[in-house]
Amino acid sequence: MIWMATLCGSAAALADSFLPLGQLGWEFILGLGLAFAGGNLWAQIRPGLVERRTGKRQPRPPDPRRVTRNVVIGLVVAVIGLVGLIGSINGS
């Protein structure tokens with residue numbers, strides 16, 4: 001239980017020092033990161049799903065490494081938004 005209090009305390013400090021946003025701002029950053037990661041992940045897996053269902057050839061993303069990098073960037077932004085959101089909820 002002590003580590004949880006420390007984690008929440010550090011999240012509140014991070015939220016106040018990193019970006020002075022309210023709860024709505026952190027929710028926006030979280031949603032933006034998840035949308036960016038989810039959209040790129042869907043672009044990566046969709047052609048395979050459509051080909052299996054319909055048998056028609058679907059175009060693939062030109063650079064799969066770029067798609068993977070964008071998924072990672074989206075997840076990092078989502079984690080930052082989640083930590084800030086937790087900090088703003090516990091800090092107020």
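Q: How far apart are the closest N and O atoms in the salt bridge of Glu-51 with Arg-57?
A: This is a predicted model, in which local features need pLDDT of at least 70, side-chain atom pairs count only at pLDDT 80 or more, and totals for chains, interfaces and linings use all residues. Residues are numbered from 1 along each chain as its sequence is written, and side-chain values use heavy atoms, with hydrogens and water left out. A salt bridge is a side-chain nitrogen of Lys or Arg within 4 Å of a carboxyl oxygen of Asp or Glu. Glu-51 and Arg-57 form such a pair, with their closest N and O atoms separated by 3.1 Å.

Q: Is Arg-57 buried or exposed?
A: Buried means under 20% relative accessible area, exposed over 50%, and partly exposed in between (1.4 Å probe, protein chains only). Because its relative accessibility is 66%, Arg-57 counts as exposed.

Q: How many salt bridges does the structure hold?
A: Glu-51 also meets Arg-60 (3.3 Å, N to O). Arg-65 pairs with Asp-63, the closest N and O atoms being 3.7 Å apart. With the pair of Glu-51 and Arg-57, the number of salt bridges in the structure is three.

Q: Which residues do salt bridges that share partners join into one network?
A: Arg-65 forms a salt bridge with Asp-63. Salt bridges that share partners make one network of Glu-51, Arg-57 and Arg-60.

Q: Which backbone oxygen lies 3.0 Å from a polar atom of the Ser-88 side chain?
A: Ser-88 sits in helix α3 (residues 64-91). Its relative accessible area is 14%, so Ser-88 is buried. The backbone oxygen at 3.0 Å from its side-chain polar atom belongs to Leu-85.

Q: What is the relative accessibility of Leu-41, a residue of helix α2?
A: Leu-41 forms a nonpolar surface patch with Trp-42 and Ile-45, which together have about 300 Å² of accessible area. Patch residues have over 30% relative accessible area and no salt bridge; like charges are joined within 9 Å, nonpolar side chains (Val, Leu, Ile, Met, Phe, Trp, Tyr) within 5 Å. Accessible areas come from the Shrake-Rupley method with a 1.4 Å probe; for residues, only the protein chains shown count as cover. Leu-41 counts as partly exposed because its relative accessibility is 43%.

Definitions and conventions
Helices (H or I, at least four residues) and strands (E, at least two) are DSSP runs, numbered from the N terminus. A polar contact is a pair of N or O atoms within 3.5 Å; within protein, one must be able to donate a hydrogen and the other to accept it, and residues adjacent in sequence count only if both atoms are side-chain atoms.
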